[in-house]
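This report describes the fold of one protein chain. The sequence and structure are shown first.

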Amino acid sequence: MRTRIYPLALGKIIKHTLIDPNNEVAGLLVGKYINKSDVLEIWDAITGDQKSTPGFVYLHEDTIAQAAEWILRNRPGLYIVGWYHSHPGFSIFLSAIDLETQKRYQMFYPKAVALVVDPLKYSQSGRLSDLKFSVFRINKRGEVVRVPMSIGIQRHKLLESTLKGIETMELKYIDTGRDIDEYEIPVEDDLEEGRISSPLSSMVNRFNKLRKFKDKFIH
Ligand SMILES: [Zn+2]
């Protein structure tokens with residue numbers, strides 16, 4: 001079996017681990033298994049109530065149950081296909097406790113995988129090569145094996161997973177601290193008489209669009 005993870009899912013996981021790079025954080029992988037190609041696809045990631053220390057993380061059972069309900073209602077055709085957690089600064093492997101957790105996930109869903117991320121070095125250096133992550137599962141002989149992972153590029157699924165993922169993604173908003181209605185919008189005459197340079201007028205156009213955007217989305 002291989003795994004294929006779509007970019008927004010991976011982005012959410014990494015974002016979550018970077019919110020608290022010194023403590024373990026955990027969440028659930030949402031996706032589906034493609035029988036024909038023996039690929040486990042990870043489309044999205046969600047998280048919830050958990051207990052965390054620098055060396056241990058526990059996702060509450062109610063979190064998992066409520067997540068399963070949410071997926072059933074909001075993501076028909078997708079399932080909880082595993083879990084992710086971070087190992088801040090102690091490399092990528094499954095600990096003895098992780099192994100027990102993974103066994104439970106595989107009992108619940110035989111194809112389930114465990115994705116482990118170590119975000120610490122990356123959070124300090126910002127270098128992509130410092131960001132380590134891998135996917136594991138337990139094979140039939142009870143051994144932990146690394147599952148080959150690729151980042152999804154199938155056009156339709158990439159688009160669908162991105163659009164669905166957007167619903168639960170935050171957008172960066174630049175707050176200038178000014179009341180946006182105080183900005184003076186140049187009138188047509190100024191533009192025609194050349195009092196406004198063209199880069200500025202194109203900026204004003206963009207600003208007007210942004211204001212509409214803000215009215216629509218920011219409350
Ligand atoms: Zn662990």
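## Burial and contacts

In this predicted model, 24% of the 219 residues in the protein chain are buried. Of the contacts between residues at least 6 apart in sequence, 67% join residues at least 24 apart.

## Secondary structure and sheet order

Seven helices and ten strands are assigned in the protein chain. Eight strands form an open sheet with mixed pairing, in the order β9-β8-β7-β6-β2-β3-β1-β10. At its edges lie β9 (144-146) and β10, each of which pairs on one side only. From one strand to the next, the twist averages 35°.

In general, the strands of a sheet pair through backbone hydrogen bonds, in either a parallel or an antiparallel sense.

## Pairing around β1

Strand β1 (residues 2-5) is paired with strand β3 (residues 39-46) in the parallel sense, over four bridges. Within this pairing, Thr3 has Leu40 of β3 as its bridge partner.

The pairing of β1 with strand β10 (residues 149-151) is also parallel and extends over three bridges. Here Arg4 has Ser150 of β10 as its bridge partner.

Strand β6 (residues 79-86) and strand β7 (residues 113-118) run parallel and are joined by five bridges. His85 stands opposite Val116 in β7.

Helix α3 (residues 96-108) lies across both of these strands, as well as across β8 (132-138) and β9. Relative to β8, helix α3 runs at about 60°.

Conventions: Residues numbered from 1 in each chain as written. Predicted model: local features only at pLDDT ≥ 70, side-chain atom pairs only at ≥ 80, totals over all residues. Helix = DSSP H or I, 4+ residues; strand = E, 2+ residues; numbered from the N terminus. Buried ≥ 20, exposed ≤ 12 C-beta atoms within 10 Å, placed from the backbone. Contact = placed C-beta atoms within 7 Å. Pairing = 2+ DSSP bridges. Axes fitted to C-alpha atoms, helices over the stretch in contact; angles between N-to-C directions.
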